[in-house]
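The structure comes first, then the points by topic.

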Amino acid sequence: MELARPQLIHRWISVFMLLCIFSFEAQCFYLPGVAPQDFLKGDPLMVKVNKLTSTKTQLPYSYYSLPYCTPKQIVDSAENLGEVLRGDRIENSPYEFHMREPQMCNVVCRSVLNAKTAKELKEKIEDEYRVNMILDNLPLVMPIKRPDLDTTVYQHGFYVGLKGQYAGSKEEKHFIHNHLIFTVKFHKDPQTDAARVVGFEVRPFSVKHEYDGEWNGKNRLTTCDPHAKRTVTSSDSPQEVEDKKEIIFTYDVEFEESDIKWASRWDTYLLMADDQIHWFSIVNSLMIVLFLSGMVAMIMLRTLYRDISKYNQLETQEEAQEETGWKLVHGDVFRPPINSDLLCVYVGTGVQFFGMTVVTMTFAVLGFLSPSNRGGLMTAMLLLWAFMGVFAGYASARLYKMFKGSEWKKITLKTALMFPGVVFLLFFVLNALIWGEKSSGAVPFGTMFALVFLWFGIAVPLVFVGSYVGFKKPAIEDPVKTNKIPRQVPEQAWYMNPVFSILIGGILPFGAVFIELFFILTSIWLQQFYYIFGFLFIVFVILIVTCAEITIVLCYFQLCSEDYLWWWRSYLTSGSSALYLFLYAAFYFFTKLEITKPVSGMLYFGYMLIASYAFFVLTGTIGFYACFWFTRLIYSSLKID
């Protein structure tokens, strides 16, 4: 029986992948093993609470950091690495549901505010914090009707409270949402009595509850009474947040049968109303690619073919002396560049990033990184980055040996430490800022240790393994011999100036991705789900092609003007798109976000700097390898005496 189990698992995975490929429209994104849970009538439903979030501060806080009702014992749910880095803090709650058993006016607890708790609540209401909860792995949503589009949109969680004024008063007051009407949607099995949770919605109200006599925990409320069938339907007499004020937290539970099946329950959350914009983005990017492909085809098929034929037919010395263009620099084109060690390090790191991105996107497109697995995407990226260290070491060592380098251990150590060292330092500073704000988003010491172990315990040794293998291989031979004395680069036209051509080169790769970038930034900073990996994968392929083609075109023009210093320029040409990414992030910050706190602004720009740096390494490496292949191809076609 034990022997058959791996075969069974293997068969399940094969079947799942085939289903995802052949029925892409069905959105199969559940891993085998993520099984639905059946509930019979009366079965308890565990409601969990998650972090408090705000798009205005970007600083998450624990649910119990506010004076909410607590269970007898607070129990943390097991969290993966990605969840901790996202600031998720999932804990049990005092809310008790029973399947298909509606409840009305359940009193959770009574709380009397003091000056400190009232101040904290007011700050959270001011910063528009939302409360997040989870039921059967489904996040809580608040349905909001949009009369202009005649549709319902879903907001994640509900606001802690609201600001308002009493009639006839100009003074603004803070009110807390202390009465919640939960709606649990379920899909019932027609054969059995079992049901599955397919929706979890809430309508929050602010109500100043009243009761007779002294509070003893068993009082009947006069504002919300199940016996008198008196329910809360509005916030006409709201609960004010002030020192010494008494708050009674209550809730209703409604159950609603739904036609939505368990496998499709995430469709509501993942529904994108902007498909047309995504298609426009892809068509726009494809036009750029076709334009560049036409230019590359013209250079490769017409100009290059003509050049090579002409160069190879030159017979007399006089004709050879009169030749111009890229053949003239054949003796210098493969001369190692200045700071060749640094170039090797960056190319190796870029290969590592490229491998991580391709594998992550492949898994995401196949549906293995479902949003139901919170933090799964980030965990997968970190682990893949560590394991791709093998390719980073291999790529940097191969290039280093081609540049006649001999100290392979030194270059390996730089490859293993340089990029992650810069990112870790930035991350550590940002984490200190979050910790200073007492936010739950601060990464705990244990998780920080796990990240360091992932880096030094897995990534660094694998970089050394890859580097050792790469350095043992014979060096890459240049297609032409390099002269001992470097020739002088003639004075260049203004448009061939390195800074100008590098900055021009980054515009098109950025132009190919910037519309998709808007949706990615929105999902990260406005806390929305992003699950259109099919679109993202197409855009990523377009980015690769664009980076390669623009670099080849500009490299050809550079060589034709007898400038052979192409190594670094090829990397920086496509890599400069990261500069435009950062500038766009700044534009997005000032036009779309409402962040006012200095710490939140520093967090935004800090994380976007890390993202831009990673984008620079990725796109730069794609451009470099495109040029590397192009120059070797054209110079190996020449007959040189």
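**Salt bridges, cores and a helix pair**

Asp243 is partly exposed, with a relative accessible area of 33% (buried means under 20%, exposed over 50%, partly exposed in between, with a 1.4 Å probe and protein chains only). The model is predicted: local features need pLDDT of at least 70 and side-chain atom pairs pLDDT 80 or more, while totals for chains, interfaces and linings use all residues. Residues are numbered from 1 along each chain as its sequence is written, and side-chain values use heavy atoms, leaving out hydrogens and water.

**Salt bridges**

- Asp243 pairs with Lys244 in a salt bridge of 3.3 Å, N to O (a side-chain nitrogen of Lys or Arg within 4 Å of a carboxyl oxygen of Asp or Glu).
- Lys244 counts as exposed because its relative accessibility is 64%.
- In total, the structure holds 20 salt bridges.
- Arg196 and Asp38 meet through their side chains at 2.7 Å, N to O.
- This pair links distant parts of the chain, 158 residues apart: Arg196 is in strand S12 (residues 195-205), and Asp38 is in the loop between helix H1 (4-22) and strand S1 (44-53). Helices (H or I, at least four residues) and strands (E, at least two) are DSSP runs, numbered from the N terminus.
- Arg196 is partly exposed at 28% relative accessibility, and Asp38 is partly exposed at 43%.
- Glu120 forms a salt bridge with Lys116, with the closest N and O atoms 3.1 Å apart; both lie in helix H3 (residues 115-126), four residues apart.

**Nonpolar cores**

- Phe97, Met133 and Phe182 touch the most other members of the largest nonpolar core, which has 145 residues. A nonpolar core is a set of buried Ala, Val, Leu, Ile, Met, Phe, Trp, Tyr and Cys residues joined through side-chain atoms within 4.5 Å.
- Helix H17 (residues 598-636) gives the most to this core, with 18 residues.
- A second, separate core of nine residues includes Ile181, Val207, Tyr211 and Ile248.

**Val553**

- Val553 lies in helix H14 (residues 533-560) and is buried at 3% relative accessibility.
- Leu292 is 261 residues from Val553 in sequence, yet 8.3 Å away in space, C-alpha to C-alpha.

**Helices H9 and H11**

- H9 (residues 389-402) and H11 (residues 445-472) pack at about 35 degrees, with axes 6 Å apart. Axes are lines fitted to C-alpha atoms, for helices over the stretch in contact, and angles run from 0 to 180 degrees between N-to-C directions.
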